Amino acid sequence: MTNYAERNRALVHFIVMPTILLTVGLLGGLRIDAQTRQFVFLAPPLVTLVLAILLGSLFVRAGAIDLHRWLAIEQPMLTNVAHLLTLMALFFASAQAFNSVLPESGLLHWMFSFFFLWTLWTNQFSAFDARRLLKSLIVLFGTAFVLKHLLVSGLYAPEGGWFKRIAAALLQGIAVDVPTFAPVTGYVSFFALALYVVGLLLIKPVPVQSAVNQVDLLSVNEGIPAETSDR
């Protein structure tokens with residue numbers, strides 16, 4: 001029973017979670033052209049890399065990731081390499097998650113970027129735990145998703161009605177460049193964000209291998225076999 005549980009946790013930690021994060025990294029930059037229906041892959045802007053660094057700092061401060069356990073000298077080299085690649089996948093997935101909810105160009109792009117930068121920077125000085133941080137990220141990305149894929153896309157859609165005319169009147173004289181993509185782009189973004197949240201839920205502060213090594217080390221120090229201590 002214990003061996004199956006450890007194998008399943010290792011499978012989730014080393015296979016499922018990195019696959020989910022890499023999938024987010026792929027879908028976060030995917031757009032569907034409105035005319036040709038072709039796939040368009042957009043590289044993450046530089047600002048999304050800065051946002052991913054700030055978010056990674058929050059993960060460490062909130063205790064969602066314990067770097068001393070993820071990258072430890074006591075662990076095998078292959079385990080540390082696997083953990084490092086997972087952290088890199090998390091960084092890239094975070095950048096692409098921001099990329100999926102940021103307008104591609106124009107004034108709105110910088111307005112959204114400033115909103116994210118200000119929020120993440122002020123949170124650097126706030127008290128967070130892992131659960132509170134996850135709830136905050138769900139609200140943050142959910143708000144940005146609604147603004148971009150529901151509000152902004154509706155305002156600048158070719159078939160927009162009176163709501164579009166009101167927005168055009170309010171923004172008259174302001175250059176707002178919003179590329180038009182197919183509505184399915186919003187579904188792709190929603191799926192990418194949902195996978196990103198699932199990936200965050202699977203991340204543990206202490207990796208599986210580190211937890212097993214810690215139990216074995218305590219058992220040796222106490223003079224108790226590992227099998228007996230598990231029972």
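1. Phe116 counts as buried because its relative accessibility is 0%, where buried means under 20% relative accessible area, exposed over 50% and partly exposed in between, with a 1.4 Å probe and protein chains only. Phe115, by contrast, is partly exposed, at a relative accessible area of 35%.

2. This is a predicted model, in which local features need pLDDT of at least 70 and side-chain atom pairs count only at pLDDT 80 or more, while totals for chains, interfaces and linings use all residues. Residues are numbered from 1 along each chain as its sequence is written, and side-chain values use heavy atoms, with hydrogens and water left out.

3. A search of the whole structure finds 9 aromatic pairs, a pair being rings of Phe, Tyr and Trp (its six-membered ring) with centres within 6.5 Å, called stacked if the planes are under 30 degrees apart, edge-to-face if over 60 and tilted otherwise. Phe115 and Phe116 form a tilted pair, 5.6 Å centre to centre with 55° between the planes. Both belong to one aromatic cluster, made up of Phe98, Phe115, Phe116, Phe141 and Tyr196.

4. Phe39 and Phe41 form an edge-to-face pair, 6.5 Å centre to centre and with 85° between the planes; Phe39 and Phe41 are exposed.

5. Arg37 lies in the loop between strand S1 (30-32) and strand S2 (39-41); helices (H or I, at least four residues) and strands (E, at least two) are DSSP runs numbered from the N terminus. The phi of Arg37 is near 60°, a positive value in a residue other than glycine. Most residues other than glycine have a negative phi. Arg37 is also exposed, with a relative accessible area of 52%.

6. The axes of helix H4 (residues 77-101) and helix H8 (residues 184-202) come within 10 Å and cross at roughly 145°, the axes being lines fitted to C-alpha atoms over the stretch in contact, with angles from 0 to 180 degrees between N-to-C directions. In contact here (heavy atoms within 4.5 Å), Leu90, Ala93, Ser94, Ala97, Ser100 and Val101 in H4 meet Ser189, Leu193, Tyr196 and Leu200 in H8. By class, this contact of H4 with H8 has 7 nonpolar, 3 polar and no charged residues.

7. Of the residues in H8, the buried ones include Ser189, Leu193, Tyr196 and Leu200. The 19 residues of H8 should span 27 Å at 1.5 Å a residue, and its end C-alpha atoms are 27 Å apart, which agrees; the expected span is 1.5 Å times one less than the number of residues.

How values were computed. Ala, Val, Leu, Ile, Met, Phe, Trp, Tyr, Cys and Pro count as nonpolar, Asp, Glu, Lys and Arg as charged, and the others, Gly among them, as polar.
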